[in-house]
Amino acid sequence: MNQAISIQNVNKSFGKKNVLKDIKFEIMEGKIYGFIGPSGAGKTTLIKMIVGMDIPDTGSIYLLGEKMPNLNVLQQIGYMAQSDALYKELTGKENLMFFASLYQLNKKERKNRIEYAAKLVNLTADLNKKVSAYSGGMRRRLSLAIALIQNPKILILDEPTVGIDPELKLSIWNELLRLKNEEGKTIIVTTHVMDEADKCDVISMVREGSLIATGTPEQLKEKYSAQSLDEVFLAAGRKDQ
Ligand SMILES: Nc1ncnc2c1ncn2[C@@H]1O[C@H](COP(=O)(O)OP(=O)(O)OP(=O)(O)O)[C@@H](O)[C@H]1O
């Protein structure tokens, strides 16, 4: 199995606040990794550095063997941020067409990808409405569709299912699992939802800028003698105090 991402001794401060502290981590291809941790722990900061939107003060990040930030690797990354970056005066379809046009897809591929992504997030019937008329959940779904549009090797999703109803959440997770199992995609998610964390192959707990525990959901439950990941989360937090 190949390494998809290597995070090497990454530190980051904003002013005097040390937001990431000597983070070291390897992410293997074809797995789902979950970052969990309390609000303000540093998950989004870490994700932004993996995507190449920000750079570490010290340390390095490699994606598919290339040091980030690197424009050539962007084609291979689908990124869904926490806040939606959508063109509100355009329709859902126009947004998808715009983002699809940024990538090296031919006309037929573009059409197929737009149909696939819209269907996955259950927006096909609403594609011709302006995004300004979309609900919060519909905007999240459109953002997820955009992250998938160019069929990237690596999907990086910052709280992808916030504001999405349980039925659609389940079908999105089924698709993420299929993308991993059948297409070998590498997927990174941040989540506060423990039943989602349970679906990850590897979980890292982030607390105050440090990775305090990493392992499979089962390993972490065993390590902390916990019945659930909620309990692991609380126990891991206490141990570090
Ligand atoms: N651009 C910035 N300037 C100053 N401080 C920042 C900046 N970005 C993040 N921070 C601070 O860094 C810390 C980590 O923030 P981050 O968004 O990474 O946390 P998080 O774990 O993703 O939280 P949440 O679960 O709420 O999204 C917070 O204290 C935040 O206020």
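How many other C-beta atoms lie within 10 Å of Ala226, and what does that say about how exposed Ala226 is?

A: First, a word on what you are looking at. This is a predicted model, in which local features need pLDDT of at least 70 and side-chain atom pairs count only at pLDDT 80 or more, while totals for chains, interfaces and linings use all residues. Residues are numbered from 1 along each chain as its sequence is written.

Now to your residue. Ala226 has 16 other C-beta atoms within 10 Å, so it is partly exposed. The scale works like this: 20 or more other C-beta atoms within 10 Å of a residue's own make it buried, 12 or fewer make it exposed, and anything in between is partly exposed, with C-beta atoms placed from the backbone. Ala226 sits in the loop between α8 (217-223) and α9 (229-239). Helices (H or I, at least four residues) and strands (E, at least two) are DSSP runs, numbered from the N terminus.

Who touches Ala226? Setting aside neighbours within four places in sequence, its contacts are Lys221, Glu231, Val232 and Ala235. A contact here means that two C-beta atoms, placed from the backbone, lie within 7 Å. Gly136, by comparison, is 90 residues from Ala226 in sequence and 35 Å from it in space, C-alpha to C-alpha.

Beyond residues up to four places away in sequence, Ile172 touches Leu144, Thr161 and Ile164. Leu120 is 52 residues from Ile172 along the chain, yet their C-alpha atoms are separated by 7.0 Å.

Let's step out to the sheet. An open sheet of 6 strands runs in the order β6-β7-β8-β3-β9-β10, with mixed pairing; two strands pair if DSSP finds at least two bridges between them. At the edges stand β6 (77-80) and β10 (210-215), each with a single partner strand, so one side of each has no neighbour in the sheet. In general, strands of a sheet pair through backbone hydrogen bonds, either parallel or antiparallel.

Look at β3 (residues 32-36), which pairs in the parallel sense with β9 (residues 202-207) over 4 bridges. In that pairing, Tyr33 stands opposite Val202, and Phe35 faces Ser204. With β8 (residues 186-190), β3 also runs parallel, joined by 4 bridges, and Gly34 stands opposite Val189 there. Because 5 of the 5 residues of β3 are buried, this strand is largely enclosed by the rest of the structure. Ile32, Gly34 and Ile36 point one way from β3, and Tyr33 and Phe35 the other way.

Finally, there is a ligand, and the residues around it include Phe14, Lys43 and Gln82. A residue belongs there if its C-beta atom, placed from the backbone, lies within 6 Å of the molecule. Helix α1 (residues 43-51) gives the most to this shell, with 3 residues.
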